[in-house]
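Visitor: Hi! I'd like to get to know this protein chain a bit. Could you show it to me and walk me through it?

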Amino acid sequence: MDATPYVTIVLPCYNEQDHVIDEVERICGAMDDSGYTYELVAVDDFSTDETLARLQEAAPRFPNMRIRAFHRNGGSGTVRRIGTQEARGEIVVWTDADMTYPNERIPELVRILEKDPTIDQVVGARTSEEGSHKLLRVPAKWFIRKVAERLAGQKIPDLNSGLRAFRKSVAKPYLRLLPPGFSCVTTITLSFLSNQHDVYYLPIEYSKRAGKSKFSFVSDAYRYILQVLRMVMYFNPLKVLMPPAIWLVCIGLAKGVYDNVKTPFYLASNTIVIFLSGLLIGSLALLADLIVRSRNE
């Protein structure tokens, strides 16, 4: 742990007492065999079970593990943000401690970044959905992903995978944008894509999680949609605001022609409202775009 590691693995842990050590063993075993120098930052997010105690008990067996204990529950996004800010490695890996992701493949993600300097992030793209509320999650996630693809202007095989590796130097400016909840993974994906950083998608298997899911379908799905719109507004507001502005202006003009054909030299009040709404939204879009382009980050 004295030498600067090449890889930092950030592992959020919240009420994972029954399997957290199994996950640590799997990660450390894979990294030990890979030959990469690494540190595993296990962050206990104020668990209400014995997760922290079991990590501390097992710590002597894993010299490359560093335990970070929160004094209040901050959420997975907060864990990943702070873990990344404190990371000593050049490459940062995010994953989960619920046995869903094939963490034995972490060295494979790191190897892709090491061999190709043009790639800035590698995402483990899941080939199946094994989460809770599956019947609701699959169509909802498909819709959110399609909205994100439309706004980001490129295909996104997996928008919110929890397994990913990226260059810390590239991600650093975007860490302050990370929300405290699950949508942090969506945020880091869109941050890279919106700024033309190359993202590579590696197909992975996704297993049924161990323990109880912390995902709330209604509230978390709402946050995902809101975060997609927020991130695209932050980096490219024209894609969000200009289409409805153009449509309203066109509808207003068409309605104005119709009003004058029906009653010469007459414009209905709703025609004026529609047309002016389009102009106002378009002006707001241009102003927002000017602010984005003048930002020095």
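This is a predicted model: local features need pLDDT of at least 70, side-chain atom pairs count only at pLDDT 80 or more; totals for chains, interfaces and linings use all residues.

Guide: Happy to; we'll go from the whole chain down to single residues.

Visitor: What share of the residues is buried?
Guide: Buried residues make up 49% of the 297 residues in the chain.

Visitor: And the surface, what's that like?
Guide: The accessible surface comes to about 14900 Å². Carbon and sulfur atoms account for 60% of that surface.

Visitor: Let's zoom in. What can you tell me about helix 1?
Guide: Helix 1 covers residues 20-34, which is 15 residues. From first C-alpha to last, helix 1 reaches 21 Å, close to the 21 Å expected at 1.5 Å a residue.

Visitor: Which of its residues are buried?
Guide: In helix 1 those are Val20, Ile21, Glu23, Val24, Ile27, Cys28, Ala30 and Met31.

Visitor: What do those buried residues pack against?
Guide: The buried residues of helix 1 pack against strand 1 (7-13), strand 2 (38-44), helix 2 (51-58), strand 3 (65-69) and helix 4.

Visitor: What comes just after helix 1?
Guide: Glycine 35 does, and it takes a positive phi of about 90 degrees.

Visitor: Which residues other than glycine have a positive phi?
Guide: I can give you two examples. Phenylalanine 46 has a phi of about 55 degrees although it is not a glycine, and phenylalanine 265 has a positive phi near 55 degrees.

Visitor: Where are those two?
Guide: Phenylalanine 46 lies in the loop between strand 2 and helix 2. Phenylalanine 265 is in the loop between helix 9 (238-262) and helix 10.

Visitor: Is each one buried or exposed?
Guide: Phenylalanine 46 has a relative accessible area of 43%, so it counts as partly exposed. Phenylalanine 265 is exposed, because its relative accessible area is 83% and the cut-off for exposed is over 50%.

Visitor: You mentioned helix 10. What span should it have?
Guide: Helix 10 has 26 residues (269-294), so at 1.5 Å a residue it should span 38 Å. The end C-alpha atoms of helix 10 are 37 Å apart, which agrees.

Visitor: And which residues of helix 10 are buried?
Guide: Buried in helix 10 are Thr271, Gly278, Gly282, Ala285, Ala288, Asp289 and Val292.

Visitor: Why would residues three or four places apart in an α-helix point the same way?
Guide: An α-helix has 3.6 residues a turn, so residues with that spacing point the same way.

Visitor: New topic: arginine 80. Where is it, and is it buried or exposed?
Guide: Arginine 80 is in helix 3 (residues 76-85). Its relative accessibility is 3%, so arginine 80 counts as buried.

Visitor: What is arginine 80 in contact with?
Guide: Leaving aside neighbours within four places in sequence, arginine 80 is in contact with Val10, Pro12, Trp94, Thr95, Asp96, Gly162, Cys184 and Val185.

Visitor: How about serine 161?
Guide: Serine 161 sits in the loop between helix 5 (134-152) and strand 6 (164-167). Serine 161 is buried, with a relative accessible area of 0%.

Visitor: What does its side chain reach?
Guide: The side chain of serine 161 reaches the backbone oxygen of glycine 124 at 2.6 Å. Not counting residues up to four places away in sequence, serine 161 touches Tyr101, Val123, Gly124, Arg126 and Val185.

Visitor: Which other residue is in that loop between helix 5 and strand 6?
Guide: Glutamine 154 is found there. At 34% relative accessibility, glutamine 154 counts as partly exposed. Glutamine 154 touches Glu149 and Leu193, again leaving out residues up to four places away in sequence.

Visitor: Last one: what about isoleucine 112?
Guide: Isoleucine 112 is found in helix 4 (residues 106-115). With a relative accessible area of 17%, isoleucine 112 is buried, because the cut-off for buried is under 20%. Beyond residues up to four places away in sequence, isoleucine 112 touches Ile119, Val122, Tyr200 and Leu202.

Key. Residues are numbered from 1 along each chain as its sequence is written. Side-chain values use heavy atoms; hydrogens and water are left out. Buried means under 20% relative accessible area, exposed over 50%, partly exposed in between (1.4 Å probe, protein chains only). Accessible areas come from the Shrake-Rupley method with a 1.4 Å probe; for residues, only the protein chains shown count as cover. Helices (H or I, at least four residues) and strands (E, at least two) are DSSP runs, numbered from the N terminus. The expected span of a helix is 1.5 Å times one less than its number of residues. Contact means heavy atoms within 4.5 Å. A polar contact is a pair of N or O atoms within 3.5 Å; within protein, one must be able to donate a hydrogen and the other to accept it, and residues adjacent in sequence count only if both atoms are side-chain atoms.
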